[in-house]
Amino acid sequence: MRTMGDIVKLDALDLLHIALFSERQRCVKRSLSVPSRKYDQSKGEYEVQYIGTMGEYAISKHCDVPIDTNIHVGGDNGTDLVINGWGCQVKTTVYGGKTIDVIVNSMDEFKAQVLIGVQVLSPTRVKILGCIGRRRFRKCAITKDYGYGERLKVSSQELAPIDVLNQIASDHVLQGGLT
């Protein structure tokens with residue numbers, strides 16, 4: 001693993017996998033009449049799925065861990081991928097302003113041990129913002145309404161470099177687990 005601010009470059013094959021997986025998820029959920037949980041009404045279901053998958057794929061590639069390509073109709077239980085035995089949830093943003101926030105809907109939906117923030121910079125480049133343990137997120141998060149209800153957020157400045165992922169996860173467990 002490398003440090004915070006690393007840029008992951010995606011090639012044509014990566015983008016093809018992301019596109020096919022995103023479309024497969026959209027089709028399966030549509031055929032089963034699974035209601036959309038997207039908040040950004042300016043983006044379609046496929047686009048939202050694609051952006052999220054792009055972030056997960058970038059972390060998968062960066063950390064050399066497999067991405068979960070199963071379709072989870074009821075959600076993935078908060079864990080997008082596993083790095084060194086720790087469940088990680090990836091949050092992807094396309095926002096390009098001065099301050100990048102990493103947002104979760106509620107602590108109830110933050111079920112993984114570690115949250116990883118990433119930012120899509122271009123159609124082929126994703127920046128790793130860093131990571132934060134569940135306990136620290138709970139301590140640092142503030143409530144903010146982005147126009148679609150209150151959410152919890154931390155500034156990307158609160159995130160640790162991804163190369164300290166093992167230490168964050170270990171400290172988190174030693175200091176009281178997921179409660």
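**Sheet, core and salt bridges**

Student: Which residue in S6 stands opposite Lys 9?

Tutor: Arg 125 stands opposite Lys 9 there. Elements here are DSSP runs numbered from the N terminus: strands are E, at least two residues, and helices H or I, at least four.

Student: What should I know about the model first?

Tutor: It's a predicted model, where local features need pLDDT of at least 70 and side-chain atom pairs count only at pLDDT 80 or more, while totals for chains, interfaces and linings use all residues. Residues are numbered from 1 along each chain as its sequence is written, and side-chain values use heavy atoms, with hydrogens and water left out.

Student: OK, what's the strand order in the sheet?

Tutor: S1-S6-S5-S3-S2, five strands in an open sheet with mixed pairing; two strands pair if DSSP finds at least two bridges between them. S1 (7–9) and S2 (81–83) are the edge strands, each pairing on one side only. S1 pairs with S6 (residues 125–133) in the antiparallel sense, over three bridges.

Student: Switching to the core: which residues have the most contacts inside the largest one?

Tutor: Leu 10, Ile 59, Ile 83 and Ile 116, in a nonpolar core of 26 residues. Such a core is a set of buried Ala, Val, Leu, Ile, Met, Phe, Trp, Tyr and Cys residues joined through side-chain atoms within 4.5 Å. Buried means under 20% relative accessible area, exposed over 50% and partly exposed in between, with a 1.4 Å probe and protein chains only.

Student: And which element gives the most to this core?

Tutor: H2 does, with seven residues.

Student: What does Ile 59 touch?

Tutor: Skipping residues up to four places away in sequence, its partners include Leu 81, Ile 83, Val 90 and Ile 116; contact means heavy atoms within 4.5 Å.

Student: How many salt bridges does the structure hold?

Tutor: Four, each a side-chain nitrogen of Lys or Arg within 4 Å of a carboxyl oxygen of Asp or Glu. In one, Asp 14 meets Lys 61, with the closest N and O atoms 2.5 Å apart. Asp 14 is in helix H1 and Lys 61 in helix H2, 47 residues apart.

Student: Is Asp 14 buried or exposed?

Tutor: It counts as buried, at 8% relative accessibility, whereas Lys 61 is partly exposed at 35%.

Student: How far apart are the closest N and O atoms of Asp 101 and Lys 153?

Tutor: 3.3 Å, in another salt bridge. Asp 101 is in strand S4 and Lys 153 in strand S8, so the pair ties together parts 52 residues apart in sequence. Asp 101 is buried at 15%, and Lys 153 counts as buried at 13%.
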